[in-house]
Amino acid sequence: MEWTPEQLKMHREAARLLEGIKNEAFSFVLASLNEGIPVTERDVVSLIRQRFEENFLVADPEVPIVAFGASAAEPHYAAPVKGSKVITRGNVLLIDLWGKIDIEEAPSWYCAVLSASVVFVPACHSARSAAVSWEKMWWCTRMIESLSA
């Protein structure tokens, strides 16, 4: 399947938006931890879904996957509406999201993916230090962009 120049532009825009949403989610968690404010997996899911809506992104109903601790090992984990885990220092936080711009001309499959975004929360005192692990995964989108250019 070959993308039109417009579809490639939409892919790149979706990737840019997803990266910003992911960065905001990690910053939200870190700020909450640093201020001693409890934040749950579900709180992060709600923030991400709100940003999807504001930015006209669509995805499968299970997006995003936000998993803390042992739940990060479950490939299709869904944070429960009631009783989702409170995120604390000393464990792993995974954010897995994908999406596309919600317009007719966008490719029919999800063309921008951020997957296995893992943060080791205890050592993180800023959004930049939290970014180290997920940046290792970002190469996937960059490689797709270079192949599509």
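Visitor: Which residues does V44 touch, not counting residues up to four places away in sequence?
Guide: The model is a predicted one, in which local features need pLDDT of at least 70 and side-chain atom pairs count only at pLDDT 80 or more, while totals for chains, interfaces and linings use all residues. Residues are numbered from 1 along each chain as its sequence is written, and side-chain values use heavy atoms, with hydrogens and water left out. A contact here means heavy atoms within 4.5 Å, and once residues up to four places away in sequence are set aside, V44 touches A25, F28, V29, V39, V66, I87 and I95.

Visitor: Which residues touch the most other members of the largest nonpolar core?
Guide: A nonpolar core is a set of buried Ala, Val, Leu, Ile, Met, Phe, Trp, Tyr and Cys residues joined through side-chain atoms within 4.5 Å, where buried means under 20% relative accessible area, exposed means over 50%, and partly exposed lies in between, with a 1.4 Å probe and protein chains only. In soluble globular proteins, nonpolar side chains tend to be buried together. The largest such core has 30 residues, and those that touch the most other members are V44, I48, F52, L57 and I95.

Visitor: Which element supplies the largest share of this core?
Guide: Helices (H or I, at least four residues) and strands (E, at least two) are DSSP runs, numbered from the N terminus. Among these elements, α1, α2, β2 and β3 each supply at least two residues of the core. The largest share, nine residues, comes from α1.

Visitor: Which elements do the buried residues of α2 pack against?
Guide: Helix α2 covers residues 41–54 and has 14 residues. Its buried residues are E41, R42, V44, V45, L47, I48, R51 and F52. These buried residues pack against α1 (5–35), β1 (57–58), β2 (65–68) and β3 (92–101).

Visitor: How many residues of β3 are buried?
Guide: One of the residues in strand β3 is L93, which counts as buried because its relative accessible area is 1%. The strand as a whole is largely enclosed by the rest of the structure, because the number of its residues that are buried is 10 of the 10.

Visitor: Which residue of β3 is the bridge partner of V66?
Guide: Two strands are said to pair if DSSP finds at least two bridges between them. By that rule β1 and β3 are joined by two bridges and run antiparallel, with L57 standing opposite I101 in β3. Strands β2 and β3 also pair in the antiparallel sense, over four bridges, and in β3 the partner of V66 is I95.

Visitor: What is the phi of F56?
Guide: F56 lies in the loop between α2 and β1, and this residue is exposed because its relative accessible area is 62%. Most residues other than glycine have a negative phi. F56 is a residue other than glycine with a positive value, and its phi is near 55 degrees.

Visitor: How far apart in space are P38 and V86, C-alpha to C-alpha?
Guide: P38 sits in the loop between α1 and α2, and at 59% relative accessibility P38 counts as exposed. Not counting residues up to four places away in sequence, P38 touches D43 and V86. P38 and V86 are 48 residues apart in sequence, while their C-alpha distance in space is 6.4 Å.

Notes. Expected span 1.5 Å × (residues − 1).
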